[in-house]
Amino acid sequence: MSEIKSHEFEGFLQTAVRKHRLFVIYGPDRGLVSERAKQIAEKTGVDLSDPFSLIKLDVGDLHNDPGRLIDETNAIGLFGGERLVWIRGAANEKSVVDGLHAIAASPPDAAFLIVEAGDLKKTAALRKLSDSSRAIIAIPCYADDARALNALVDHELAHENLRITPAARHMLLELLGGDRIASRNEVRKLALYCRGLNTIDEQHVIDIIGDASAVSADDAVDAILKGDSAGFLHATQKIIASKTSIFLVLQGCLRQFQLLDVMRAEMDEKRLQPGQVMQTHGRHLHFKRKPTIEQALRTWSSDAIGREMNRLQTAIFQTRQRQSLEDSIAMQTLLSTTLQSARKN
């Protein structure tokens, strides 16, 4: 087991990245997962501007080609040198787990592999593999604690030679912490607003900072399941304002429908009520979200869930093909899903 804990990461990043080849970065803080994956990618020494050296794939790219992960990792660069294969959006897909298992048995000599995943339970196959293999570096990313948030604030404000009063710091910390990228962007926005001043006070925080801890794809996904188009637009506006990619909502919506698919199948097979299925498959959900998921189980049939998953997977694939249209494709697809929910409700 090679797990890098939060307080060990900076030291590992500076001294040990190139001693390893395989990295699985996971956790509920999607922004921190993305940030640490980028930091590791930069430390590999691979030219990230070279499309022959850097291969970025969404997990959807592996569904119909389970051997592609192995092929890409073991491929030889066109002009030689080391390569980086970077997988985003993993959860517990068999194609990823099986491919990583085979690669870990014989790690590549001239390639690095980074897998970005969401929040993995201890029983998840991808996490169990990462925890048990010495060849894989597992990097869990949980919500920032007070120490990490203080360090983030100090680091960002130091760039502008700014100080912050204790009362303003306390207020600021109360508004941060849900997502590393959202938190960092909020502090940078505050620093830009106060550029040229000596000290940040409470009024400055009130004037400029939103509640970054509330920036969550879950809010948007719940609005989609309720068929609440106004709530969906409000949630996505918060996400966009925090400079967080709307793709996270598209990805989160697909995962929610995948969970609904599993739960609905068990309901139909065992003739259970939604509340009974929620007791086994919904234990990890926040209590505020459970009524929304339970209602969705009552209104969405297995066939309808399957059709919606296919549409969301297609949209994810299209965003990878046309990255310049990512926001438009995601918004159009998610609004369509919201309208479907509204009709069913």
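**Strands, burial and a pocket**

Student: Why is S3 said to be largely enclosed by the rest of the structure?

Tutor: Four of the five residues of S3 are buried, so the strand is largely enclosed by the rest of the structure. Buried means under 20% relative accessible area, exposed means over 50%, and partly exposed lies in between (1.4 Å probe, protein chains only). Strands (E, at least two residues) and helices (H or I, at least four) are DSSP runs numbered from the N terminus. This is a predicted model, in which local features need pLDDT of at least 70, side-chain atom pairs count only at pLDDT 80 or more, and totals for chains, interfaces and linings use all residues. Residues are numbered from 1 along each chain as its sequence is written, and side-chain values use heavy atoms, with hydrogens and water left out.

Student: What is the order of the strands in the open sheet?

Tutor: The six strands follow the order S1-S6-S2-S5-S4-S3, with parallel pairing. Strand S1 (2-3) and strand S3 (54-58) are the edge strands, since each pairs on one side only.

Student: What makes S4 mostly covered?

Tutor: Seven of the eight residues of S4 are buried. Strand S4 (residues 83-90) also pairs in the parallel sense with strand S5 (residues 111-117), over six bridges. In that pairing, Trp86 has Ile114 as its bridge partner, and Ala90 has Ala117.

Student: How do you know that both faces of S2 are covered?

Tutor: Leu22, Val24 and Tyr26 on one side, and Phe23 and Ile25 on the other, are all buried. In a regular strand the side chains alternate between the two faces of the sheet. With five of five residues buried, S2 is largely enclosed by the rest of the structure. Leu22 stands opposite Leu113 in S5, while Phe23 stands opposite Ile137 in S6.

Student: Which strands does helix H2 lie across?

Tutor: Helix H2 (residues 30-43) lies across strand S2 (22-26), S4, S5 and strand S6 (136-140), and runs at about 175° to S5. Such angles run from 0 to 180 degrees between N-to-C directions, the axes being lines fitted to C-alpha atoms, for helices over the stretch in contact.

Student: Why is Ser341 counted as buried?

Tutor: The relative accessibility of Ser341 is 1%, so the residue counts as buried. Ser341 is found in helix H16 (residues 326-344). Not counting residues up to four places away in sequence, Ser341 touches Ile224, Leu225, Lys226, Gly227 and Trp300, contact meaning heavy atoms within 4.5 Å. Ser341 and Trp300 are 41 residues apart in sequence, and their C-alpha atoms are 8.2 Å apart.

Student: How far does the backbone oxygen of Ile224 lie from a polar atom of the Ser341 side chain?

Tutor: The distance is 2.9 Å. A polar contact is a pair of N or O atoms within 3.5 Å; within protein, one must be able to donate a hydrogen and the other to accept it, and residues adjacent in sequence count only if both atoms are side-chain atoms. The 2.9 Å distance therefore falls within the 3.5 Å limit.

Student: Is Arg264 counted as buried or exposed?

Tutor: Arg264 counts as buried, because its relative accessibility is 17%. Arg264 is found in helix H12 (residues 247-270). Its contacts, again leaving out residues up to four places away in sequence, are Leu297, Arg298, Trp300, Ser301, Ser302 and Ile305. A polar atom of the Arg264 side chain lies 2.6 Å from the backbone oxygen of Leu297.

Student: Which helix supplies the largest share of the lining of the second largest pocket?

Tutor: H6 does, with five residues. The whole lining has 24 residues, of which Glu10, Arg36, Ala148, Ala151 and Arg180 lie nearest the centre of the pocket. Helix H1 (9-15), H2, helix H6 (146-158) and helix H8 (180-193) each supply at least two.

Technical notes: Two strands pair if DSSP finds at least two bridges between them. On a 1 Å grid over the protein atoms alone, a cavity is a set of points where a 1.4 Å probe fits but cannot get out, and a pocket is an open set with protein on both sides within 12 Å along at least five of seven lines; lining residues have an atom within 4 Å of a point.
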